[in-house]
Amino acid sequence: MKLFLRLLFRNRLAGFGAVVLGAIVVLAVLTPVLPLHAPNETNTANRFLRPFAEGHLLGTDHLGRDLLSRLMWGTRLSLAVGFAAALVAGLAGAAIGVIAGYFGGRTDNVTMRGVDMLMAFPYILLALAIVAVLGPGLLNALIAVAVVNIPFFARNIRGITVGIAHREFIDAARLAGMGHTRILLTEVVPNVVPVVVIAMSTTIGWMILETAGLSFLGLGSQPPQADLGSMLGEARSALITAPHTSIVPGVMILLIVMSVNLLGDGIRDALDPRLRSGALARPMAATRVERKTVPAPEGEGLLRIDGLETQFHIGARVYKAVNKVSLDLKPGECLGLIGESGSGKSVTALSVMGLVASPPGVITGGAVRLNGQDLIGAPYEVLRALRGRKVAYIFQDPLSTLHPLYRIGDQLIEAIRVHEPVSRAQAHERAIKLLEDVRIPNARARARAFPHELSGGMRQRVGIAMAMANDPDIIIADEPTTALDVTVQAQILALLDDLRRSRGLAILFITHDFGVVGQLCDRVAVMYGGRIVETGPTAEVLEAPAHPYTRRLIACVPELGGGRRVLAAIPGLPPAVDDLPQGCAFAPRCDKAQDACRKGEIALTGAARQVRCLYPEVAP
Amino acid sequence: MTLALKTTDLARTFDIGKRLFGPPRAQVHAVHPVSLDVQQGETLGIVGESGCGKSTLARMLVGLLPPTSGSIEIEGRALDRADPAAFGRLIQYVFQDPVSSLNPRKTIRQIMEAPLRQLHGLKGRALDDRIAELFDAVNLRPEFLSRYPHEFSGGQAQRIGIARALAASPRILILDEPVSALDVSVQAQVLNLLADLKSRLGLTYLFISHDLAVVEAVSDRIAVLYFGSVVETGPAESLFAAPRHPYTKLLAESAPVVGRPLGGAQSGELPDPLNPPPGCAFAGRCPRASDLCRSEVPHLRAVEGDQFAACHHPITD
């Protein structure tokens, strides 16, 4: 709740709206006890008094009634009707939406078509029709406004419910023996409530406006009862001679609706988890860099990462995702970077081209050199020219990296033309050639396909073709086969291996699978808790792992052909990188840990074969 | 040995392009008639690639999806209606994604209470005792009960999912990719926990996974699914070591194994489910396919010992 308020007031406009609306609501609630004239007390002798007249702060209307008093009572009524209408529409709409979305099929079809019919009428016509049937009156205007707004809530909530109804926890509830009513009330509704609240907060303003509109037409509140709409309606005839009688209620409607809308938007932003971090609203084009010193290059290499440190600053917490990582990649070499989730392997890869989202990501140290040129802190234009041209990425899920609305051929053409000034026709031929290179059968026809029309394996081939589009020197592949089936994985790995050998590509291959590393990579680096704990030639590391973590991680993974067996598990969990222990991060889970492992900084020692351990399994 | 689970010609068809009246535009056979026997205390592994129908099969077995035809028998009792509550006491399900299988707006205690109250009518002291016992069984600390699902790591959330499934005191657990969302070091912990629970509580498992090595490590017997049909069944020790169906052989050869050279895996994809081939679904990718394969659907038959394959030209040594 505190967090919610803090987020809400971080948005200044929403804070302003909250203050204005709060003041109006307090005044409206206090109206009966304020020393005001009676709102319906007529005094035709004093009609159309100007504002600031004695005894009448805002003047009087055509019957000499005190405008301030009428304004306060009218605001009270309009607010009450607006909130009530929103509540009725929200509850009724949510009930329809939840039922239609949960049961689906025919129930859904019938109810939603009914709602569609309601929506097909212009809203004011529908409201007028309802009032015409029920007769004029504030309560009937309320009903009309509520009914008119039900479709908006029903459709909104139905969409959310359809998503929830197919979630696994609903299946779990059914398996736990719950009936439909209980599932709806205890499983679905609690997940829908925030959406209803958000939708209501953004529509109350609209409903107040609609009620005022009906009252303005004389269909809402009946004289002498004041509400903002009827005040405007009565003042209409004197618009020129006594403009203040229109301006006063008009300004109040403006204030209410504006503050409600500003507050509503603020509530929506504060409750939406994606917008909450603020990262989505203002991402930077390249990761923020805050480094004090630039380490000297430690050697040669096409790509050299020296002492890279990438952190995430979220509030007061600092997550050291990548902690002094050094790697190097030679031309034509494949380096495997292996680790569990949260070990920092993906952040390392994204840091290379400044692709870590900022905020919250910050590169706080180290250097990444491509052919000797430091990329950390390089101007955005330089990074942009190199991204895709020299260093290309392949990601885990090609469905989320390919644009769903463009044909794959067009996406490839765009990738080519970003870096090379070729004609569209030439780029098209190149795109077909690329698709053929990644062995997509019938490439010319497939270029016209949309991403969703391809299977997972085919999409990943397109992802690879996209990475190859500008003939890069380095490909960084982040778990490119994790989402694929084994037979498809084997095809993709064979393809990558082929491309590497035929074009002299260097590959940084990120994975959690030792089997894949063993088949594809020349060298391997193992990460744990944001640091490299072991590195060396793949065959040597896999055959005789030096770090206890590597040894036990390999032992965890069953290998095909071993038959039924008990697996060797590592107890405990990987450490959180915002609270790393002193010394070796693996010490709390390690059976060989000594006191010395739990203090100080443990260095990575060795030459071709390096290990960060005081008591390694084998001498490096 | 008694039979824990028996399915007879269990099949499921999905209608594509439903119309308000009249027949649908097309039908997809997600699961072709499948007959499986699972012995009491056995672990049957089910492997297959995405789209092979393994999740549809699993959902039918727990009553979340009514079968189009065929029958399910659990410990000799027929269960035909799709009523998860009736199935719930006999057979339970552990979901693939541990976090999304827990309602984010409920505490762990509320999640654990649901099956105990609904299926077994427990209340008060008995309820608390049973929850404590279940949490102890899956090595979770009792203070977790007042927390919400997002506070847990994948491994812990999966233990909660297992505890919830066990709360129904089922005889059979369907484990649908229970470890594929977990890190390898945590994966082994959960697999070992499952093995331990099975021997302590005398459970029967159906273990569904796409990870051949994991299935081989935990199963007694394995069934391989391809395009909605069982193409091979056999003991875990021999199935991947000496596959009889060419598809099983392809799977075994595709699994990444340290030291085995890359390549050799031929391309090819699943047939179009809207327009399935007349004969064997694998014929288009199979090096041994003959004209017979392209015209006639092969049926499961014994090839050697306990190993059954649905192939006209099974691999024999």
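Predicted model: local features only at pLDDT ≥ 70, side-chain atom pairs only at ≥ 80, totals over all residues.
How many disulfides are found over all chains? The count is zero. In the case of C521(A), the closest cysteine sulfur belongs to C334(A) and lies 3.5 Å away, which is too far for a bond because a disulfide requires the two sulfur atoms to be within 2.5 Å. C293(B) also takes part in no disulfide, and the cysteine sulfur nearest to its own, in C280(B), is at 6.0 Å.

Two spans of chain A carry annotations in UniProt. The record, an unreviewed entry, places "domain: ABC transmembrane type-1" at residues 75-264 of chain A. In the model, this span is 84% helix and 0% strand, and its end C-alpha atoms are separated by 19 Å. The feature "domain: ABC transporter" is listed by UniProt, again in an unreviewed entry, at residues 303-554 of chain A. Here the content is 40% helix and 28% strand, with 28 Å between the end C-alpha atoms.

Chain A contains an open sheet of eight strands. Its strands follow the order β7-β8-β9-β4-β10-β11-β13-β12, and the pairing is mixed. The edges are formed by β7 (391-394) and β12 (605-606) of chain A; each has a single partner strand, so one side of each lacks a neighbour in the sheet. Another helix, α22(A), lies across β10 (523-528) and β11 (531-537) of chain A and makes an angle of about 100° with β10(A).

Helix α22 of chain A comprises residues 548-556 and includes A555(A). Is A555(A) buried or partly exposed? With a relative accessible area of 40%, A555(A) is partly exposed. The C-alpha atoms of A555(A) and A569(A) are 7.8 Å apart in space, while 14 residues separate the two in sequence.

Chain B also has an open sheet, in this case of four strands. The order is β2-β1-β4-β5, with antiparallel pairing. Strands β2 (26-39) and β5 (77-79) of chain B are the edge strands, each pairing on one side only. On average, neighbouring strands in the sheet are turned by 25° against each other, direction ignored. Strand β1 (residues 3-16) and strand β4 (residues 69-74) of chain B run antiparallel and are connected by five bridges. One position in this pairing is A11(B), whose bridge partner in β4(B) is S69(B).

Helix α1 (residues 54-61) of chain B lies across β1, β2 and β4 of chain B, at about 120° to β1(B). The helix is mostly covered, with six of its eight residues buried. These buried residues are K54(B), T56(B), L57(B), A58(B), M60(B) and L61(B). Just after α1(B), G63(B) adopts a positive phi of about 85°.

The two chains meet at an interface, which was described by its residues and by its area. Chain A contributes 60 residues to the contact, and chain B contributes 68 residues. Between them, the chains bury about 5300 Å², of which 57% is on carbon and sulfur atoms. L175(A), L560(A) and R564(A) account for 16% of the area that chain A buries against chain B, more than any other three residues. S100(B) lies in the loop between β6 (91-94) and α3 (108-120) of chain B. S100(B) is classed as buried because its relative accessibility, 16%, falls under 20%.

Terms used:
Residues numbered from 1 in each chain as written. Chains lettered and ligands numbered in written order. Heavy atoms only, no water. Pairing = 2+ DSSP bridges. Helix = DSSP H or I, 4+ residues; strand = E, 2+ residues; numbered from the N terminus. Axes fitted to C-alpha atoms, helices over the stretch in contact; angles between N-to-C directions. Contact = heavy atoms within 4.5 Å. UniProt positions renumbered as here; feature names shortened; annotations may be inferred. Buried area = accessible area lost by both parts, 1.4 Å probe. Buried < 20%, exposed > 50% of the residue type's maximum accessible area, 1.4 Å probe, protein only.
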